[in-house]
Amino acid sequence: MSVKKIAVLAGDGIGPEVMQEAVKVLDAVQSKYNVKFEYKHALVGGAAWDDFHSHLPEETLNICRESDAILFGSVGGPVREQDTDKWCGVEVNSLLGLRKEFGLYANLRPAKLYPALAFASPLRSDISSKGFDILVVRELTGGIYFGRPKGRSGAGETETAFDTMIYSRAEIRRIARVAFDTARKRRNKVTSIDKANVLTTMVFWRQVVEEIAGEYPDVEYEPMYVDNAAMQLTKNPQQFDVMLCGNMFGDILSDEAAALTGSLGMLPSASLADGSFGMYEPGGGSAPDIAGKGIANPIAQILSAAMMLRYSFNMAAAAESIENAVEDVLNDDYRTGDIWQHGSKRVGTAEMGDRILKRLES
Ligand code: NAD
């Protein structure tokens, strides 16, 4: 039996509530798939501040260093308290701290529209009724967000501000490989997003991605300009499988794709390092407005655990069984408040977890 060590960082707000459901589901996977999960719980965000006066204490980092993957909840406090020491900079300190420490350069954000939730999509019904299943692979540590120089100079009418979009061959090659490897675990298609008609960096991006595409003759490859991609997402999202993007285009398009599902609280994400290490977390935040009420949707957290099984533990069958259990429960019409529709059965956090568990075990 293999043993996998998981650092469980539930964080703030609804984090601990939804994490409890994800652990429940992982527990069920253990016996079914002959694996043992060793959970090490650690504090992060505001939850760590009271004890450590840090959003990412060394104790937490050590637990993560000794683990095979991080399952992360969410961090952040009530909006009106953001300026207090406890909450100021909590997201940046926790998330960027972990990304930097573990070299998490590849961000995987699935945007899946379940036919059962098509009503929630802002797309026209003839487009949304078909559902879609897209994975945005976003480069996370380079590009214009981190390029130097950046700054401002001068004053008055001649004052200027500038950023630098820069990618090295090595950076493009490694994120492209993640996209093509991931496509092989899905529907074998990569659409690489660029702006090669205008930007030198993006001419280079396209050239390097094409070189990598040559190493994957079994994966369909297509380049697409970012402006066209933004439009195609709304007209024909079914054409996409994996969308490979640099940092800025990935930031924008992954949000657009997520919004098209109409249910942000349903979406997981992964941030991967070289090798199998990764951090897995829901797309949403700590939702302080509903924290402690037992009504948060645990599905994004549960699907984050499924991604962890697929990408860090190479347990695709177990991941798929969780994903299928989630879809079954949605088809059975059980809904938390955020995805509730007239006539469907309203359940709370724990009952949604129990329903998914039951389907998984059946
Ligand atoms: P949010 O995602 O926490 O909440 C937005 C809305 O979506 C709220 O109405 C909330 O109730 C709802 N929602 C979110 N997740 C839900 C779920 N699982 N089930 C049901 N409803 C859900 O975003 P926000 O309000 O902008 O931010 C709240 C706090 O979270 C802030 O402190 C912010 O900085 C932080 N935040 C953290 C992360 C992270 O930890 N990765 C990401 C985004 C925001």
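This is a predicted model: local features need pLDDT of at least 70, side-chain atom pairs count only at pLDDT 80 or more; totals for chains, interfaces and linings use all residues.
**Stop one: the largest pocket**

Start by selecting Glu91, Leu95, Arg99, Glu281 and Gly283. Of the 33 lining residues, these five sit closest to the centre of the largest pocket.

Next, colour helix 4 (90–102). With six residues, helix 4 gives the most to this lining.

Now switch to colouring by residue type: the lining of the largest pocket splits into 13 nonpolar, 13 polar and seven charged residues. Colour by domain after that, and you'll find at least three lining residues from each of domain 1 (1–102 + 265–362) and domain 2 (122–260).

**Stop two: the second largest pocket**

Select Lys112, Asp133, Arg186, Arg310 and Glu323, the closest to its centre among the 20 residues that line it.

Which elements give two or more residues here? Show strand 4, strand 5 (132–139), helix 10 (299–311) and helix 11 (316–331). Helix 11 has the largest share of this lining, at five residues.

Back to residue type: the lining of the second largest pocket has 10 nonpolar residues, one polar and nine charged.

Finally, keep the domain colours on. Why does the second largest pocket lie between domain 1 and domain 2? Because both domains give residues to its lining.

Notes
Residues are numbered from 1 along each chain as its sequence is written. Side-chain values use heavy atoms; hydrogens and water are left out. On a 1 Å grid over the protein atoms alone, a cavity is a set of points where a 1.4 Å probe fits but cannot get out, and a pocket is an open set with protein on both sides within 12 Å along at least five of seven lines; lining residues have an atom within 4 Å of a point. Helices (H or I, at least four residues) and strands (E, at least two) are DSSP runs, numbered from the N terminus. Ala, Val, Leu, Ile, Met, Phe, Trp, Tyr, Cys and Pro count as nonpolar, Asp, Glu, Lys and Arg as charged, and the others, Gly among them, as polar. Domain bounds come from an automatic or database domain assignment.
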